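Welcome, and take a moment to look over the model before reading on. The notes below walk through it one region at a time.

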Amino acid sequence: MKFAGTYKFKFLLPEGGQQAVVNVRANDRAYEGEVICGRNFQILENVVVRKDTISFDATIGQDVHTFSITLKDGTAVDGKDIILSTGKAQALTDLVFEKKKFRALILYCTMTKNTEKIARAMKESFEEYKWDVTFYRMTMRPKDWEGMQDKLYFDDYDVVALGSPIVAGYPLTVVNKVFSAGAGGDLERVVTKQVEAGGGFQANKDTIKPPPGEGGPGQGGPGGPPPKPVIGVDWRRKHCAYPGGPSQFNYRPLGIVFTTYGGGFYGSGECKATLAALQLFLELQNVQVIGQFACVGKEFGPAGLEEGEKPMLIDGGEMPDPAVYEKADGTKITASYFFHGEPWNHPNDKDVMKAKILISDLVEDMFQTYDGRRAQVNSEYISIS
Ligand SMILES: Cc1cc2nc3c(=O)[nH]c(=O)nc-3n(C[C@H](O)[C@H](O)[C@H](O)COP(=O)(O)O)c2cc1C
C-alpha cells in the first residue's frame, strides 16, 4: 500500500514542459492507475515495484515513457523518465507524492430537501472516517455546472453516491439530462417522422442533433463524441476509442444509490424503479454499485398526510381510527395508514442513522482492510424502507 497515492511532477516533451498527475491504487493483485497530462489520460502499463521504487509505462504523445519514482519515508526523493524510442533519460522536477486519501463523491438532486438530508448524513458518515467528500447538488441551471468538470470525474473517487427523490414515478429530470445522451429530446420524434415518411432513417449530422439548447455546435452527431449538454459533465476521463467500440477501463469506483420517496401510489415498490435507474446510470459510467438506500420523504402537497390526518377515501366515506401499539418501555405508537410509520416525519432520526450506518459498514468492510487494499467481497449494503 505504500506506493498508493498521487504523484505530481514536471517533465519535458518536444512541445515543451508538462505537468503530470499520476494516481496509483493498490488493486487486489497489483498496483494500477492513470497518468493525467493536460488533456492526455492514459492507463499505466507495466507497473513494477522494486524495493523503494515504483516504475510504470505511459504513452504520452507519440512516445512510450517509462517513469520511475523512488520513495523514502513516504516522500518522493527521486524520479526519472526514459523515452522508449530514443532511450533518452530525464529527471522529473517538482516531484511531490501525496499518500492515498479516500475520496467520496456525493451527487444528489432535491426539490424539498428530504434527499439532501440523507445525502448530508452520508457525507457526515464518510467524514467520520476522515474521507474527503465532494458534495454536489445537481440542478438544471447551467451556471451551477460551470467550473465543476475537474471535480466530477468518477475516476478520481473511491465511492460515488447518486441520489434523487421520486417524482411521478422516476428520478428528477436532471438525472436523465446529465446521465443520458439527450433523452427526452427531439431525437425519437425526428427518426420516427423520417421512417414513417417512407424514406428510411438517414443518420447524418443534419438529422441527428442534440436537442435544441442542449448541445454545442457539431456535437452529438453520429460517429462523433457523445453530445455535450449545456448542463452536466463528462463523468469519465476516457471514452471508447472509436464509435461503438468497447470502453472498458481498468478502474471502477464503488457506488451507492439512494432515494427519498412518498410511495403514495404503490408503496415501497415505487422506489425500486428509481433505484434501478440510478444504479444503471452509474454502472454505465463504470461504477460498481454495491449499495441502495431508500426511505420515506415527507410529501409536501396533497399526498402528504399530517399527523392525525386520515386519508380521503376515493369512493367517499371515512377511514376508521388507526390502531395504537405499545412498546416494552410503554411508548405508544399510532399505526400508520401508509406503508410506513409517521409519513409526516421523514427522513427522521432513524432514517438518518440508517444512512450513516450503511456508509460506515461500507467504509469499514471495503476499505479498512488489513493490507489497505479494497476488499473483494460480495457484500451488498441495502436499506429500503
Ligand atoms: C410533485 C411531486 C410528485 C411526487 N411523485 C412521487 C411519486 O411518483 N412516487 C413517490 O414515491 N413519491 C413521489 N413524491 C414524493 C417525493 O418523492 C418525496 O416527498 C421526496 O422525499 C421528495 O424529496 P426532496 O425533498 O428531496 O425533493 C412526489 C412529490 C412531489 C412534490
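Of the chain's 385 residues, 31% count as buried. Here a residue is buried if 20 or more other C-beta atoms lie within 10 Å of its own, exposed if 12 or fewer, and partly exposed in between, with C-beta atoms placed from the backbone. Please keep in mind that this is a predicted model: local features need pLDDT of at least 70, side-chain atom pairs count only at pLDDT 80 or more, and totals for chains, interfaces and linings use all residues. Residues are numbered from 1 along each chain as its sequence is written.

## The chain as a whole

The chain has 6 helices and 20 strands; helices (H or I, at least four residues) and strands (E, at least two) are DSSP runs, numbered from the N terminus. Along its principal axes, the C-alpha trace spans about 90 × 70 × 35 Å. Among contacts in the chain with a separation of 6 or more, 57% are between residues 24 or more positions apart. Two residues are in contact if their C-beta atoms, placed from the backbone, lie within 7 Å.

## Helix 1 and its neighbours

Let us start with helix 1. This helix covers residues 114-128, has 15 residues and reaches 22 Å from its first C-alpha to its last, close to the 21 Å expected at 1.5 Å a residue. The expected span is 1.5 Å times one less than the number of residues in the helix. Buried residues of helix 1 include Asn 114, Thr 115, Ile 118, Met 122 and Phe 126. What covers them? The cover of the buried residues in helix 1 includes strand 11 (103-108), strand 12 (132-137), strand 13 (159-163) and helix 6 (349-367). After helix 1 comes Lys 130, with a positive phi near 65°.

Strand 11 and strand 12 run parallel and are joined by 6 bridges; two strands pair if DSSP finds at least two bridges between them. The chain goes from strand 11 through helix 1 to strand 12, and this β-α-β crossover is right-handed. Right-handed says that, with the strands pointing away from the viewer, the path from the first strand over the helix to the second runs clockwise.

## Around the ligand

Helix 1 also takes part in the shell around the ligand, where its 3 residues are the largest share. Strand 14 (166-167) and strand 16, like helix 1, each supply at least two residues of that shell. Which residues come nearest to the ligand? Of the 23 residues around the ligand, these are Asn 114, Thr 115, Pro 165, Gly 262 and Gly 297. A residue is near a molecule if its C-beta atom, placed from the backbone, lies within 6 Å of it. The shell divides into 7 nonpolar, 11 polar and 5 charged residues. Ala, Val, Leu, Ile, Met, Phe, Trp, Tyr, Cys and Pro count as nonpolar, Asp, Glu, Lys and Arg as charged, and the others, Gly among them, as polar.

## Strand 17 and its partners

The chain passes from strand 16 through helix 5 to strand 17 in a right-handed β-α-β crossover. Strand 17 also pairs in the parallel sense with strand 20 (residues 381-384), over 4 bridges. Phe 293 of strand 17 is the bridge partner of Phe 258, and Phe 293 also stands opposite Ser 383 in strand 20.

Of its 10 residues, the number buried is 0, so helix 4 lies largely in the open. Arg 189 lies in this helix, and its C-alpha is 47 Å from that of Phe 367, 178 residues away in sequence.

The table sets out how some residues sit in the model.

| Residue | Other C-beta atoms within 10 Å | Exposure |
|---|---|---|
| Arg 189 | 9 C-beta atoms | exposed |
| Gly 267 | 12 C-beta atoms | exposed |
| Ala 168 | 7 C-beta atoms | exposed |

Gly 267 is in the loop between strand 16 and helix 5 (270-284). Ala 168, found in the loop between strand 14 and strand 15 (170-171), has a positive phi of about 50° although it is not a glycine. Glu 342 has a positive phi too, of about 45°, and is not a glycine. The loop between strand 19 and helix 6 holds Glu 342 and also Pro 347. A cis peptide bond joins His 346 to Pro 347, with omega about -5°.
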